[in-house]
Amino acid sequence: MKLKKLIAVAAAVVLSVASFAGCGSSGGKDKNEPDVTASGSGIEVTIEPADGNSETAESTEPVNIAMLKGPTAIGAVMLMSTHDNGTAEGNYNFVIDTAPDEVVSKIVSGEVDIAAVPSNSAAAIYNKTEGEVEVMAINTLGTLYLIENGDTINTAADLSGKTINSTGQGAVPEYVLNYLISESGAENVSVNFMQTHAELAAAVASGEAENALLPEPFAEVALSKNPDLRVALDIAKNYDEYSQIEKGDMPNTLPMGCVVVRKDYAKENPAKVDLFLEEYKKSIEEVNANVKEAAEYVVSYGIIDDLQVAESAIPKCSIYYIDGEKMKDIMESFLNVMNDVNPKSIGGKLPEDDFYYIK
């Protein structure tokens with residue numbers, strides 16, 4: 001698909017997504033850290049090729065990558081840091097945005113080559129662009145929690161007669177919540193949508209809201225500010241009660257986020273794409289294995305502004321790297337659920353097999 005056609009559908013795709021990512025501001029940095037500057041509602045992270053990079057990486061154009069400010073960006077911090085200090089094999093330009101619609105616009109228009117997006121949005125982009133993107137890996141599993149100031153909700157059926165405060169209208173939080181309401185038989189449930197995770201976290205922490213459906217790291221932010229709050233429901237755990245996918249060694253089977261690539265770019269640059277996936281997978285593994293070090297990078301890159309909150313939130317963010325047939329199985333099951341709940345959530349129809357990047 002030509003660039004002009006991609007740009008033409010960008011606005012349509014943007015309408016199908018909503019935010020579920022994190023927030024924060026950068027602390028001080030030394031000369032070895034990347035330049036991080038505000039750009040609209042996102043953060044531009046410009047990483048210049050370092051002296052220690054390989055000759056091949058230095059002689060090629062960088063891969064342009066957009067990440068969401070939250071778990072997907074957290075999983076990339078080790079790769080960003082190794083690139084910055086010259087030990088990464090690939091050459092990358094990272095952009096960290098706060099809203100999925102910004103990331104979607106960039107991947108659709110061709111401004112970036114690879115992007116982290118909500119899982120339902122990946123299918124919506126595929127449909128709107130007539131199959132011009134493919135999903136390469138799941139990078140975030142279920143991170144949604146219903147936080148309550150009280151003790152009245154302990155099962156999904158307890159949602160009956162409640163008003164639930166949430167973000168993510170038109171995205172994974174709304175559709176998964178509707179799915180759980182339907183499957184549990186809960187009745188007369190209303191949802192009050194708020195614009196941002198930070199706003200909702202502040203409302204439930206202050207007592208203004210009795211409950212809040214929040215993703216990590218915002219659930220942890222709210223809990224850290226009010227000891228009377230409790231986790232009433234682990235949404236992913238409840239989703240798994242109805243899912244047909246075997247968990248194996250995974251904490252749950254709810255794919256919150258994934259990484260997509262423009263097909264034209266992947267076809268023209270297969271080595272670059274595969275190298276990125278290799279280094280991104282390694283980064284995710286190191287984030288989970290070295291939480292304290294990863295938390296320091298999370299703060300320095302402006303993803304979360306509090307080191308203690310970052311350390312506490314990372315293990316709860318379900319940051320994983322899942323590719324191949326397992327990725328396809330999980331995504332297909334999830335997209336079938338989304339299609340049953342609301343076909344518009346995935347762009348009107350299920351994607352074809354060429355949606356899945358499988359080596």
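**Exercise 1. Does Lys 359 count as buried, partly exposed or exposed, and at what relative accessibility?**

Solution. The structure is a predicted model, in which local features need pLDDT of at least 70 and side-chain atom pairs count only at pLDDT 80 or more, while totals for chains, interfaces and linings use all residues. Residues are numbered from 1 along each chain as its sequence is written, and side-chain values use heavy atoms, with hydrogens and water left out. Begin with the classes of accessibility: buried means under 20% relative accessible area, exposed over 50%, and partly exposed in between (1.4 Å probe, protein chains only). At 71% relative accessibility, Lys 359 counts as exposed. Next, take its salt-bridge partner, where a salt bridge is a side-chain nitrogen of Lys or Arg within 4 Å of a carboxyl oxygen of Asp or Glu. Lys 359 forms such a bridge with Asp 274, with the closest N and O atoms 3.4 Å apart. Lys 359 lies in the segment after helix H14 (324–341) and Asp 274 in helix H11 (residues 270–289), so the bridge ties together parts that are 85 residues apart in sequence. Asp 274, at 26% relative accessibility, is partly exposed.

**Exercise 2. Describe how strand E7 is covered and paired.**

Solution. Helices (H or I, at least four residues) and strands (E, at least two) are DSSP runs, numbered from the N terminus. Strand E7 spans residues 144–148, and five of its five residues are buried. In a regular strand the side chains alternate between the two faces of the sheet. Taking the faces of E7 in turn, Leu 144, Leu 146 and Glu 148 are buried on one side, and Tyr 145 and Ile 147 are buried on the other. For the pairing, two strands pair if DSSP finds at least two bridges between them. E7 is antiparallel to strand E10 (residues 211–215) over five bridges, and four bridges join E7 to strand E11 (residues 230–234), again antiparallel. Tyr 145 has Leu 214 as its bridge partner in E10 and Asp 234 as its bridge partner in E11.

**Exercise 3. Trace the salt bridge of Asp 151 and the network that holds it.**

Solution. Asp 151 bridges to Arg 230, the closest N and O atoms being 3.5 Å apart. Asp 151 sits in the loop between E7 and strand E8 (163–166), whereas Arg 230 belongs to strand E11, 79 residues apart. Asp 151 is exposed, with a relative accessible area of 55%, and Arg 230 is partly exposed, at 21%. Finally, salt bridges that share partners join Glu 148, Asp 151 and Arg 230 into one network.
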